[in-house]
Amino acid sequence: MSRSPKSTPQSRLANPGAHILAKLQQGLAHQQQGQLDQARTLYEQVLKLSPGHGDALKLLGVLELKAGHLQRAAELTRKAISVRPDDAGIHYNLGVVLAAQGQAEAAVQSYLQAATLQPDFAEAHYFAAHLLEGLNRHQAAVASYDRAVALRPDNAAAWSKRGNVLAALGQLDAALASYQRAVELRADFADAWNNRGNVLRDLRRYGEALASYERAILLQADHEDAHNNRGLVLHDLGRYAEALESHERVLRLKPDHAESHFNRGHTLDAMKQHQAAVDSYDRAIALRPAYAQAYFNRGHTLDAMKQHQAAIDSYARAIDLQPAYAEACYNRGITLATMNRYAEAVASYDQALAIQPDYAQACNNRGAALRDLQQYPAALDSYARAIALKPDYADAYNNRGVVLSDLGRYAEAQASYERACALQPDYAEAHWNLSLAELQMGDFERGWQAYEWRWKREELAPGLLRSFPQPLWRGSDSLAGKTILLHAEQGLGDTLQFSRYARLVAERGARVILEVQPPLLGLLTGLEGVAQVLAKGSALPPFDCHCPLLSLPLAFKATLANIPPPSVLETDPGSMARWTARLGTRKGPRIGLVWSGNAAHKNDINRSIALTDLLEHLPPGAQYVSLQKELRDADRRTLTAHPELLHCGDDLHDFTDTAALCALMDGVISVDTSVAHLAGTLGKKLWVLLPFNPDWRWMLARTDSPWYPSATLCRQPQPGDWDSVMAGVGDQLNKAWT
């Protein structure tokens with residue numbers, strides 16, 4: 001920032017008569033010595049002798065301005081102009097008076113009139129420019145500054161202020177040149193060095209900006225703006241500890257500097273010191289209660305702290321203070337969506353778009369919330385608008401692909417993912433989604449290759465990517481005489497599905513160590529081809545190379561024709577005996593039921609059903625057994641109301657128990673959960689209940705599974721249509737056991 005220039009009124013005399021001249025000269029001498037009353041008396045004597053005397057009016061006007069009598073000064077100066085309308089100095093003086101009265105627009109006109117009458121009047125051009133700058137009439141201000149520096153090329157202040165206006169116009173290179181000229185003319189010009197730093201920062205020339213701020217501080221150690229701006233550029237450079245010290249230096253100089261409390265909070269947030277950041281924002285708000293941006297940043301930090309409702313309240317306060325705050329509406333929408341309040345999120349995005357119709361990110365996130373509301377056509381429209389606003393918007397193309405998949409428009413979805421990847425070749429999420437589409441459509445060659453992008457996803461679960469000094473086995477290197485670690489990476493069902501490849505690895509001559517999730521340890525111990533099974537988290541024995549389980553299909557160049565059969569699982573005799581006793585006398589075919597998966601799963605809304613809906617379609621005559629481990633409140637109430645349905649889930653301690661119980665079933669009906677994989681691996685007759693857009697492994701438009709020969713795939717004909725699925729399963733049960 002630069003300080004406002006001070007204008008000085010003109011006091012030169014014309015050619016009055018000798019007697020009057022003597023009084024005017026005496027008055028001017030008194031005025032210059034600060035003896036205003038004596039000077040006023042002499043000027044008034046002249047005006048009694050000559051009421052329209054231009055010099056007396058002019059000088060008395062200047063005196064009244066100095067005395068702080070602004071209205072009287074304005075009256076006298078206007079009267080002087082009426083006497084001498086072509087006197088540039090008097091017009092200039094009126095500009096000074098009007099500026100002091102806060103009448104900036106009128107003052108500009110007076111300065112410009114003075115400059116018109118006297119084109120080489122540098123001060124008139126300069127002060128007109130200064131006021132035009134304050135009125136945000138930047139283009140006109142530049143023209144006046146240009147004239148001022150042309151007349152006074154050595155006016156460092158004019159060059160600096162010209163730089164301010166050019167910077168406000170976004171003409172950063174020209175602004176930098178203007179500041180550079182200012183500091184060349186006056187090397188100790190701290191404000192110009194500071195403002196030069198601002199432009200360099202805007203140009204992302206952070207190192208040079210830092211040097212410019214530090215020069216300003218060297219010249220003026222207590223320069224608050226320079227310290228503050230130094231903190232900002234250090235933040236840009238990721239040097240957070242130094243940035244924090246810079247902001248705290250300002251606060252030592254000026255504890256009530258609200259902006260520095262705000263910037264301190266911003267830096268603390270970047271340092272993950274979230275509570276301290278909130279405290280700093282709170283201090284900024286206490287000093288400046290209408291500080292909308294502080295409420296906004298506070299909301300962002302509270303969101304990072306998982307204090308979502310508090311974040312929403314903070315965003316709401318920012319919007320109350322600044323109703324046109326589109327970014328606050330947008331961020332509030334993100335937080336509402338995080339809380340699964342999707343309809344409110346859509347409303348908040350709509351508010352952002354009403355303020356800023358070209359807000360492509362708001363259109364994109366609005367589409368995501370509409371998808372969560374299962375309003376798929378509306379979501380597509382929102383993504384289309386985002387892409388229209390930003391044709392290179394890779395994220396919108398990726399999200400559009402997801403909704404197209406939801407609608408069963410798989411070829412279009414694949415094309416949308418491919419477009420996202422073309423626009424942003426390192427976009428892991430789009431490559432990952434493309435791999436799922438390719439696998440879903442049976443293109444294993446491309447799909448398994450693209451599936452490796454999972455390791456670069458931002459949403460990668462903590463601990464999923466393992467870091468070993470031993471090399472990753474990709475299928476080409478010989479395994480003869482080597483020990484390989486095969487490690488589980490995703491869900492329990494994935495481990496059951498892909499453990500079948502352990503046998504093929506062993507056939508390559510390797511000693512196989514299999515690391516699995518603890519619930520699977522007992523069940524998979526003794527698996528064919530596996531020398532040792534470990535629970536994840538156990539100490540690992542020596543090994544030569546490793547491979548994640550879901551990278552094995554790529555290593556073995558899997559196709560639909562060469563998928564190996566499921567692993568052979570041995571059930572525990574003791575568990576079998578316990579469950580046999582628990583089941584009691586057979587009362588008909590025994591059918592195991594699993595109707596919901598993990599409630600926290602991102603696709604749970606589509607893949608899980610309510611027990612009451614399932615029971616409506618099950619034919620009588622069978623003994624139904626609940627294999628459900630986790631129960632929701634509504635389902636527990638349904639179980640209580642149906643005592644004929646044997647619930648065993650509370651006594652299933654691990655998959656050894658579940659496998660034994662499954663083995664005693666004549667068939668299993670399951671949604672897409674780990675139990676479906678278990679039943680398929682055991683070779684039990686299996687009906688898998690699938691949503692309209694199923695997980696990739698169940699592929700498309702087929703009732704059989706290349707992974708589980710005993711499975712029948714029961715698909716929704718339309719999104720959300722479970723009635724048709726379960727009615728079909730009921731018919732199949734009747735045919736199977738009648």
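Helices here are DSSP runs of H or I with at least four residues, numbered from the N terminus. The model you are looking at is predicted. Let's work through some exercises together.

**Exercise 1. Find the helix that holds Asp-657, and decide whether this residue is buried or exposed.**

Step 1. Start with the helix: Asp-657 belongs to α35, which covers residues 655–663.

Step 2. Now look at the accessible area. Buried means under 20% relative accessible area. Asp-657 has a value of 7%, so this residue is buried.

Step 3. Finally, look at the surroundings. Leaving out residues up to four places away in sequence, Asp-657 touches Ser-575, Arg-578, Trp-579, Asp-651 and Leu-652.

**Exercise 2. Describe how strand β5 is covered and which strands pair with it.**

Step 1. Sort the side chains by direction. Arg-590, Gly-592 and Val-594 point one way, while Ile-591 and Leu-593 point the other way.

Step 2. Look for partners. With β6 (residues 623–626), β5 pairs in the parallel sense over 4 bridges. Here Arg-590 stands opposite Gln-623.

Step 3. There is also β8 (residues 667–671), which runs parallel to β5 and is joined to it by 4 bridges. In this pairing Leu-593 has Ile-669 as its bridge partner.

**Exercise 3. Work out which side of helix α14 is buried and what covers it.**

Step 1. Check the length. α14 (residues 240–253) has 14 residues, and the distance from its first C-alpha to its last is 20 Å, close to the 20 Å expected at 1.5 Å a residue.

Step 2. List the buried residues: Ala-243, Leu-244, Ser-246, His-247, Val-250 and Leu-251.

Step 3. An α-helix has 3.6 residues a turn, so residues three or four places apart point the same way.

Step 4. Turn to the face pointing away from the buried side: there you find the exposed residues Ala-241 and Arg-252.

Step 5. Among the elements covering the buried residues of α14 are α13 (224–236) and α15 (258–270).

**Exercise 4. Show that helix α11 is largely enclosed, and name the helices its buried residues pack against.**

Step 1. Compare spans. The 13 residues of α11 (residues 190–202) should span 18 Å at 1.5 Å a residue, and its end C-alpha atoms are 19 Å apart, which agrees.

Step 2. Count the covered residues: 10 of the 13 are buried, so α11 is largely enclosed by the rest of the structure. Among the buried residues are Trp-193, Asn-195, Arg-196 and Leu-200.

Step 3. Name the neighbours. The buried residues of α11 pack against α9 (156–168), α10 (172–185), α12 (206–219) and α13.

Step 4. Look just past the end of α11, where Arg-204 takes a positive phi of about 65°.

**Exercise 5. Classify the ring pairs Trp-432 with Tyr-451 and Phe-468 with Phe-543.**

Step 1. Know what to look for. A pair of aromatic rings is described by the distance of the centres and the angle of the planes. Planes under 30 degrees apart count as stacked, over 60 as edge-to-face and the rest as tilted.

Step 2. Begin with the total: the model has 25 aromatic pairs. In one of them, the rings of Trp-432 and Tyr-451 have centres 5.1 Å apart and planes at 35°, so the pair is tilted.

Step 3. Locate these rings. Trp-432 is in α25 (residues 428–440) and Tyr-451 in α26 (residues 444–451), so the pair ties together parts 19 residues apart in sequence. Both Trp-432 and Tyr-451 are buried.

Step 4. Now take the other pair. The rings of Phe-468 and Phe-543 have centres 5.4 Å apart and planes at 90°, so they are edge-to-face. Phe-468 lies in the loop between α26 and β1 (483–487), and Phe-543 in the loop between β3 (532–535) and β4 (545–548), 75 residues apart. Both Phe-468 and Phe-543 are buried.

Step 5. Widen the view: ring pairs link Trp-432, Phe-444, Trp-448, Tyr-451, Phe-498, Trp-696 and Trp-707 into a cluster.

Note on methods:
Residues are numbered from 1 along each chain as its sequence is written. This is a predicted model: local features need pLDDT of at least 70, side-chain atom pairs count only at pLDDT 80 or more; totals for chains, interfaces and linings use all residues. Side-chain values use heavy atoms; hydrogens and water are left out. Buried means under 20% relative accessible area, exposed over 50%, partly exposed in between (1.4 Å probe, protein chains only). Helices (H or I, at least four residues) and strands (E, at least two) are DSSP runs, numbered from the N terminus. Two strands pair if DSSP finds at least two bridges between them. Contact means heavy atoms within 4.5 Å. The expected span of a helix is 1.5 Å times one less than its number of residues. The arc is that of the directions from the helix axis to the C-beta atoms. Rings of Phe, Tyr and Trp (its six-membered ring) pair if their centres lie within 6.5 Å; planes under 30 degrees apart count as stacked, over 60 as edge-to-face and the rest as tilted.
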